[in-house]
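Me: Could you walk me through the salt bridges in this one? I am new to it and would like to go step by step.

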Amino acid sequence: MQLQKENFRIQQWVVLVAVILFALKMAAYYITHSVAILTDALESTVNVISGFIGLYSLYVAAKPRDLDHPYGHGKAEFISAAVEGTLILVAGLFIIYECIQQFIEPTSLHSLDKGMILVAIAGAVNFIMGAIAIKKGKKNNSLALIASGKHLQSDTFSTIGILLGILLIWITEWQMLDTIVALLFSFFIIYTGYKILRASLAGIMDEADRALLNTMVTHLNQHRQTNWVDLHNLRVIKYGSILHVDCHLTVPWYLNVHEAHKEVDALSEKIRMELGDSIELFVHSDGCLDFSCPICTKTDCLVRKHAFERKVEWTLDNILSNQKHQLSTGSAALPKTA
């Protein structure tokens, strides 16, 4: 709950900054009549709307679990990110429309130097706020904060490009360049919206985060313990800032309930070492079978029925499957269900 509250406070600052910078950029547009600056201002409009949506989603995500939501309310963050990505796409398309209008009926530009100063200030503040949101979002596993931060930083990058374009217009006095710059950056904005929308839909559909799984598998291989004969059926599902980890751990069959539970606790501790405390683990313990002997590294086993042949390294291919590992024709096969 503490992490959700922290995420909510940061998002409040994101919203406040978005409102102030939107006003600043609209002032710059009013001074200059530049469609490129309007492009920047329209993206800030999305910042404001999506900021409030993100704020509400974090408020919902911070609610404790209840009978109707046994896994909590964290999925609200994915919905927020999906709306934000959609709004960014719409903003990009609207900018293209404005560019077409500008080609048809061009308007003259004014006070570009003053406009550049205002936009530069807004861009610098956006980048700093975006970096803070992304850092905290990654630390707290908050997709809503990461989406807000990436949006702010993409706004900054587009601001830099727009500033360079306006500088060229100011130097060359070729005003048509204003429309060309805005058109180019509209495609960048659309691509940013697509990426945010894609990530949010992946979360809603519980798509496997292969980078996260690779990190976990590498860490567990490095800290593997003797009584961990086998690990399989590993799954990680994100609910906002909480990661739900399910897996099956094979231990020597003769361990009693308390001893097996100690191995489960040790596995949980190793996972938390790598991924932090915002984790719920559901570990099912299995007893080893005869075919486990050739891959079991336990040297003091008194009931071993087959000699040890080789250790099976855990990989994404064999650790995600809901099957126990065994050796077959010199390779790790997975013919036995848990």
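Me: How many salt bridges does the count come to?
Reply: A quick note first: this is a predicted model. A pair counts when a side-chain nitrogen of Lys or Arg is within 4 Å of a carboxyl oxygen of Asp or Glu. By this rule the count comes to three.

Me: Which residue forms a salt bridge with D246?
Reply: D246 sits in strand β2 (residues 242-251), and its partner is eleven residues apart, in strand β1 (residues 230-239). The N to O distance of the pair is 3.9 Å, and the partner is R235.

Me: Is R235 buried, partly exposed or exposed?
Reply: Buried means under 20% relative accessible area and exposed means over 50%, with partly exposed in between. R235 has a relative accessible area of 42%, so R235 is partly exposed.

Me: How many residues apart in sequence are the parts that K305 and D290 tie together?
Reply: K305 and D290 form a salt bridge, with their closest N and O atoms 3.8 Å apart. Both K305 and D290 lie in the loop between β3 and α9, and the parts they tie together are apart in sequence by 15 residues.

How values were computed
Residues numbered from 1 in each chain as written. Predicted model: local features only at pLDDT ≥ 70, side-chain atom pairs only at ≥ 80, totals over all residues. Heavy atoms only, no water. Helix = DSSP H or I, 4+ residues; strand = E, 2+ residues; numbered from the N terminus. Buried < 20%, exposed > 50% of the residue type's maximum accessible area, 1.4 Å probe, protein only.
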